Amino acid sequence: MSEQYEVRGTNLVRKIKEILREGNVRRLTIRNEEGKELIEVPLALGVVGTLLLPAWAAIGAIAALVTNCTIVVERQTDDEDQEHGGDSGDDTGEPRGSATSG
């Protein structure tokens, strides 16, 4: 399952942090206005903090250089998660909201 968000470069880091807090993110791809892939960051559940520092530095640099970009979010689906024996990474029991562009 993938989602796309159109964002201004100045809001790129904020939006990515928001997406990561939602959970279940398997991969992030950032594309420029022409659709060219600028960076792809594969993520695993539980990978946070210092392991992502190089990616955060690159994302910050991209945010400074682009006017508008698209974030493509590939999420782990419940079916894929069950195949791998894990849970969705969300212990709240609350349903997830639908994706909106912003």
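These exercises work through the strands and helices of a predicted model.

Local features need pLDDT of at least 70 and side-chain atom pairs count only at pLDDT 80 or more, while totals for chains, interfaces and linings use all residues. Residues are numbered from 1 along each chain as its sequence is written, and side-chain values use heavy atoms, with hydrogens and water left out.

**Exercise 1.** State in which order the strands form the sheet, and which are the edge strands.

Solution. Strands (E, at least two residues) and helices (H or I, at least four) are DSSP runs, numbered from the N terminus. Two strands pair if DSSP finds at least two bridges between them. The four strands make an open, antiparallel sheet in the order E1-E4-E2-E3. At the edges are E1 (2–8) and E3 (37–42), each pairing on one side only.

**Exercise 2.** Find which strands each helix lies across.

Solution. Angles run from 0 to 180 degrees between N-to-C directions, with axes being lines fitted to C-alpha atoms, for helices over the stretch in contact; contact means heavy atoms within 4.5 Å. Helix H1 (residues 12–22) lies across E1, E2 (25–32) and E4, at about 10° to E4. Helix H2 (residues 53–65) lies across E2 and E3, at about 155° to E3.
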